[in-house]
Amino acid sequence: MMALFDVVLVFTLVLLAWRCVTVTDVFRAIVVFIVIGLLLGLAWARLEAPDLALAETAIGAGLLGVLLLGTWRALDAGERHACGHHRAPVPARWLAGIGSAGFGLAMLVALTSLDGHPGGAGELALNNLDAAGTEQPVTAVLLNFRSYDTLLEMGVVLMALIGALLCRAALTYQPRAEDVTVDTPLVPVLVTAFAPAVLLMGVYLVWAGTHSPGGAFQGGATLAGAGVLLVLGGRLHGVPHTALITRALLILGTVVFTAAGLLLIPLEGAFMAYPADFIYPIMLVIEYSLALSIALSLLLLFTGTHGLRRGES
Amino acid sequence: MTEALPALLVFIPFLAGVLQFVTDRRGIPLLPVVTTVITAALTGWLIADVAAHGPVEHFLGGWEPPLGIRLHADGLAVVMLLLTAITGTMVSVYALASHGRHVPGASHFWALWLLLWGSLNALFLSGDLFNIYVTLEMVSLAAIPLVLLAGAGKTTDATLRYLLYALFGSLVYLAGVALVYGIAGTLDLSLAADPLADSGFAGALAASCLVLGIMIKAAIVPFHVWLPAAHGGAPAAASALLSALVVKAAVYLLLRLWTDPLAGLASAPAGQFLGAVGAAAIVYGSVRAFLQERLKLVIAYSTIAQLGYMLLFFPMAVTLAWEGAVYHGLAHGIAKAALFLAAGNVIAYVGHDRLRELSGLDRPLAISLFAFALAGVSIMGLPPSGGFIAKWLLLRAAAETGQWWWLVVLTVGGLLSAAYMFRVLRFAFLRSAGATVDHQGPRPGPLRVWPTMALALLAIALGVTAAPILALLGGMP
């Protein structure tokens with residue numbers, strides 16, 4: 001039964017991917033892209049990688065979809081039409097198609113020849129979970145064994161935000177009045193009902209990361225989702241200027257993470273080594289500060305502004 | 001304390017960049033100045049330590065590989081750190097004038113540049129394939145927004161093209177990393193070498209992905225199409241960083257991977273192929289540089305050509321070629337930064353960089369143009385300069401390995417670079433009929449002129465400091 005489900009899933013994914021690159025209407029391409037994200041989440045779940053499934057659904061399908069739809073809304077009718085009908089020259093399309101097919105085939109051959117490698121770093125990580133201060137292997141890798149990667153990724157998030165804001169500054173697009181005013185009574189009610197629940201889920205996901213699938217990135221993305229709801233419902237507005245508190249929250253995760261690493265060098269002898277008795281509280285503090293910074297960064301990517309302000313309604 | 005130096009070299013500029021983002025304009029110029037001084041001093045300390053006691057290692061979090069990530073400061077890494085510190089310090093001084101507190105976008109410039117400095121240090125010190133992916137992403141994402149600082153909307157197209165190429169390169173590299181982990185069960189550069197050596201098709205595919213991804217990031221022909229508009233359009237201080245350091249970091253990675261994890265897979269035909277790509281880059285980049293009508297585009301195309309020389313290491317793969325390629329990276333980085341800063345001074349004074357309208361510049365901008373000519377000497381590979389030493393080492397390597405065809409490439413490349421350099425100088429000097437040029441801006445101040453001159457003098461000085469630097473680098477691993 002599950003085998004049949006898997007086969008259907010794989011074929012649907014391939015079919016949707018084909019649709020996504022061939023469809024001429026940009027809006028449809030975006031919708032198909034979001035569906036692909038959701039199905040990829042399912043595929044990861046079937047591969048018993050719940051952390052990836054959560055991340056793919058929250059970030060790949062959810063937030064990325066929101067960002068794409070926001071961009072689509074910023075285009076006027078002519079641009080929408082033009083970018084759907086702008087086609088790469090035929091040789092380039094053939095090159096891309098043949099290249100992708102060849103690469104996929106080569107990967108298939110290479111991956112099937114691998115033996116899953118017993119005794120590799122993954123097995124070592126599972127055997128060292130006690131020393132890592134968490135029973136969740138993904139969190140142990142992200143926040144302890146390879147916490148350096150995670151910390152540097154926070155820099156990536158910050159730089160991507162700076163880049164997006166600089167890029168955005170060059171655009172002349174201003175949200176039209178009908179885009180930001182809410183003309184149905186349903187939206188405020190739904191926001192009032194959903195936003196607290198989504199917030200709670202985000203906070204839970206971050207905490208859950210210490211012992212089961214979840215963590216700062218998935219939780220942060222969910223928190224950002226709650227923020228997007230509030231923006232859409234008119235409870236929050238993007239503003240062009242930035243407040244010190246906003247910038248401080250954006251870097252909170254990076255600073256807490258780096259400070260924990262640097263301050264403990266004299267005690268532990270290595271950067272980012274934590275004393276065994278305090279690993280759990282240290283990790284929890286780091287997770288929550290990371291999640292806050294990630295959530296705010298993603299939300300500002302959505303509004304495309306330097307700051308946020310509470311709405312009147 | 002020295003064991004902590006690699007981590008500090010990453011996190012002091014990294015944290016300073018983050019703080020610069022928070023403090024906005026108020027942090028300028030104190031935060032950048034303090035960070036530059038501390039980072040340069042710590043780099044000097046680490047270099048002195050490596051020169052005296054050999055490589056320094058740091059296991060992050062106290063976890064040894066394959067479980068954790070290893071920072072590794074060996075000869076190659078510290079030579080690249082040296083290049084970053086020298087160029088970075090001089091560009092920082094220059095940017096105090098060009099991106100002072102009241103210049104629009106100054107806060108973003110400094111935040112991105114300090115983050116870029118930390119990212120570059122992280123890349124050079126990393127001993128882990130996946131961590132290198134993260135640092136490559138950081139370097140790209142710090143570098144790309146720098147191009148946008150040219151002004152609202154001017155470079156958006158160039159930046160987006162750069163972004164798309166960089167992301168595509170990252171994805172291809174990441175596919176290679178995933179395959180390496182599948183083959184070797186480890187991401188550590190040295191530990192992965194043995195399992196990769198006899199891994200058949202999967203290993204070959206992994207190596208191809210890693211090399212291809214890096215080549216896209218390094219703007220090696222035919223993946224160079226994003227570079228000229230991005231490097232030519234960015235503000236001068238940013239162009240200097242992008243051309244001297246960012247693309248160089250990708251080529252460094254090629255040298256690192258080839259001689260460590262991929263050493264068992266590196267075959268002679270693959271080496272000859274990379275050498276041929278390098279030769280194509282040298283000829284193509286030089287010819288295009290000669291045909292440009294704008295000063296900064298000449299310099300940008302020259303970068304495409306000069307990166308090709310570093311690829312000549314792969315077909316020869318002897319110690320002389322190793323020294324030549326790395327020394328070329330160092331000499332080119334410093335000379336190229338000087339060229340871009342000099343071009344920045346021209347643009348600040350004249351308001352444009354159209355070559356045919358630059359005659360008469362030699363009088364008001366004497367020092368900047370002199371610096372341009374001196375740096376040009378190194379780019380052409382004339383003695384006594386860093387570029388000459390590098391090309392001399394490569395020539396000797398070609399003779400030693402009996403691969404005479406690289407002698408031809410090196411000679412032709414040198415002549416072509418002389419052609420495009422002298423063409424620029426001819427427009428500025430020889431056709432000079434007096435101070436005919438219209439200028440829009442004030443004459444560049446000492447903070448803009450002297451870092452340019454200092455870099456140019458250093459590019460020449462590298463012609464006599466080869467012995468200690470090559471001793472620091474050590475032989476081919």
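What follows is a set of questions and answers about this model.

This is a predicted model, in which local features need pLDDT of at least 70, side-chain atom pairs count only at pLDDT 80 or more, and totals for chains, interfaces and linings use all residues. Residues are numbered from 1 along each chain as its sequence is written, while chains are lettered from A and ligands numbered from 1 in the order in which they are written.

Q: What is the mean pLDDT of chain A?
A: pLDDT is the predictor's confidence in each residue, from 0 to 100. For chain A the mean is 86, and 94% of the residues reach 70 or more.

Q: How many helices and strands does chain B have?
A: Helices (H or I, at least four residues) and strands (E, at least two) are DSSP runs, numbered from the N terminus. Chain B has 19 helices and two strands, and chain A has 15 helices and two strands.

Q: Why is Glu48(A) called exposed?
A: A residue is buried if 20 or more other C-beta atoms lie within 10 Å of its own, exposed if 12 or fewer, and partly exposed in between, with C-beta atoms placed from the backbone. Glu48(A) has 8 other C-beta atoms within 10 Å, so the word is exposed. Glu48(A) sits in the loop between helix 2 and helix 3 (50-74) of chain A, and has a positive phi of about 60 degrees although it is not a glycine.

Q: What makes Asp24(B) count as partly exposed?
A: Asp24(B) has 17 C-beta neighbours inside 10 Å, and therefore counts as partly exposed. Asp24(B) belongs to the loop between helix 1 and helix 2 of chain B, and its phi, near 55 degrees, is a positive value in a residue other than glycine.

Q: How do you know that helix 5 of chain B is largely enclosed by the rest of the structure?
A: The count tells us: 19 of its 20 residues are buried, so helix 5 of chain B is largely enclosed.

Q: What span is expected for helix 5 of chain B, and what span does it reach?
A: The expected span of a helix is 1.5 Å times one less than its number of residues. Helix 5 of chain B (residues 129-148) reaches 30 Å from its first C-alpha to its last, close to the 28 Å expected.

Q: How many residues of chain B are in contact with chain A?
A: Two residues are in contact if their C-beta atoms, placed from the backbone, lie within 7 Å. By that rule, 46 residues of chain B are in contact with 46 residues of chain A. The largest share of the chain B side, 11 residues, comes from helix 5 of chain B.

Q: Why can chain B be said to agree with a compact globule?
A: The radius of gyration is taken over C-alpha atoms, and the globule rule is 2.2 Å times the number of residues to the power 0.38. With 477 residues, a compact globule would have a radius of gyration near 23 Å; chain B has 21 Å, which agrees. Of the 477 residues of chain B, 64% count as buried.
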